[in-house]
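I opened this model today to look up two things.

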Amino acid sequence: MSSPTPEAPGTPDAPGTSDVPGTSDGTSDALLGPADVRELAAALGVRPTKQRGQNFVIDANTVRRIVRTAGVGADDVVVEVGPGLGSLTLALLEVADRVTAVEIDDVLAAALPATVAARLPGRAERFALVNADAMQITELPGPAPTALVANLPYNVAVPVLLHMLETFPTIERTLVMVQAEVADRLAAGPGSRVYGVPSVKAGWYAEVKRAGAIGRNVFWPAPNVDSGLVSLVRRSEPLKTTASKREVFAVVDAAFAQRRKTLRAALAGWAGSAAAAEAALVAAGVSPQARGEALGVEEFARIAEHKQ
């Protein structure tokens with residue numbers, strides 16, 4: 001059951017004519033600092049849970065950096081997954097045309113609109129909240145999103161990212177903050193020891209690269225792992241293949257399920273036999289003795305095309 005929504009701390013008594021409140025030095029005072037985050041959490045009775053991977057960002061400079069690195073502009077319609085108490089949400093709203101936040105936690109979802117209205121009253125009408133599991137959503141209110149920017153919970157980061165890219169093809173640019181290890185895997189190229197299923201599947205949709213590191217002290221509570229930023233820019237044209245995404249991903253899953261085996265052996269179950277796997281590999285121009293970690297998404301697509 002949702003708690004009553006408190007007034008956000010630090011609310012200006014008399015907002016000026018500007019959409020974004022400012023301090024005397026020209027910087028925004030709408031963003032949440034450490035004291036604001038803890039005060040909001042206390043008022044809501046919220047204790048961050050490991051189950052949902054909740055680590056709230058308490059550093060305004062970090063969220064500004066994320067928005068800047070994401071390249072969010074005045075025309076962007078941004079979807080944010082897991083906004084929590086709203087640290088990143090407010091920074092996005094200062095810049096973007098619209099922001100839609102998807103929050104699974106009922107208490108956090110109930111409180112966020114009031115926080116936005118209190119701290120950025122001139123932008124509140126440009127904010128929408130969806131109280132749902134991001135893995136279950138198939139549509140969003142308002143205009144189609146052009147960007148995804150999120151601090152993704154570590155335990156669901158990859159499936160949520162892939163679901164959003166698949167479900168909302170209008171998302172052109174994505175910047176996610178994830179566990180450093182996950183960031184490395186997503187951005188890895190063929191031949192890397194951390195290259196695997198997330199790397200290939202993300203590469204189906206976008207050009208992926210590491211976009212920076214994030215320290216532990218910008219979160220409350222501080223996690224016991226480092227975080228990293230990953231940039232994904234959607235391919236201007238879909239991968240050219242006659243195979244479907246489902247067919248290509250089936251090859252990827254099979255190849256990495258037994259990543260130490262040669263593809264001839266690893267794909268035997270997928271193809272029906274080792275001989276059939278070898279035939280598909282040879283037809284695709286891939287050595288049957290190669291391993292999945294050596295192949296890019298294009299090669300996996302060619303293999304999928306030649307399954308008999």
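My entries on both topics follow.

Entry 1: I noted at the start that the model is predicted. I looked up helix H2 (residues 60–70) and helix H3 (residues 87–95), whose axes are 9 Å apart and meet at an angle of about 50°. That angle makes H2 oblique to H3. The crossing of H2 and H3 is right-handed. From H2, the contact uses Val63, Ile66 and Val67, and from H3 it uses Ser87, Leu88, Ala91, Leu92 and Val95. Sorting the contact of H2 with H3 by class, I got 7 nonpolar residues, 1 polar and no charged ones.

**Entry 2: aromatic pairs.** I found 5 aromatic pairs in the structure. Phenylalanine 56 and tryptophan 220 form a tilted pair, 6.2 Å centre to centre with 35° between the planes. Phenylalanine 56 is in strand E1 (residues 56–57) and tryptophan 220 is in strand E8 (residues 219–220), so the pair ties together parts 164 residues apart in sequence. Are the two residues buried or partly exposed? Phenylalanine 56 is buried at 6% relative accessible area, while tryptophan 220 counts as partly exposed at 21%.

I then looked up tryptophan 204 and phenylalanine 249. Their ring centres are 5.9 Å apart and their planes are at 75°, so I wrote the pair down as edge-to-face. The pair links helix H7 (residues 197–205), which holds tryptophan 204, with helix H8 (residues 245–257), which holds phenylalanine 249; the two residues are 45 apart. Tryptophan 204 is buried at 14% relative accessible area, and phenylalanine 249 is buried at 9%.

**Entry 3: a cluster.** Last, I noted that Tyr195, Phe256 and Phe300 form one aromatic cluster.

Conventions
Residues are numbered from 1 along each chain as its sequence is written. This is a predicted model: local features need pLDDT of at least 70, side-chain atom pairs count only at pLDDT 80 or more; totals for chains, interfaces and linings use all residues. Side-chain values use heavy atoms; hydrogens and water are left out. Axes are lines fitted to C-alpha atoms, for helices over the stretch in contact, and angles run from 0 to 180 degrees between N-to-C directions. Helices (H or I, at least four residues) and strands (E, at least two) are DSSP runs, numbered from the N terminus. Angles under 35 degrees count as roughly parallel, over 145 as roughly antiparallel, 65 to 115 as roughly perpendicular and the rest as oblique. A crossing is left-handed if the near helix is turned anticlockwise from the far one by less than a right angle, and right-handed if clockwise. Contact means heavy atoms within 4.5 Å. Ala, Val, Leu, Ile, Met, Phe, Trp, Tyr, Cys and Pro count as nonpolar, Asp, Glu, Lys and Arg as charged, and the others, Gly among them, as polar. Rings of Phe, Tyr and Trp (its six-membered ring) pair if their centres lie within 6.5 Å; planes under 30 degrees apart count as stacked, over 60 as edge-to-face and the rest as tilted. Buried means under 20% relative accessible area, exposed over 50%, partly exposed in between (1.4 Å probe, protein chains only).
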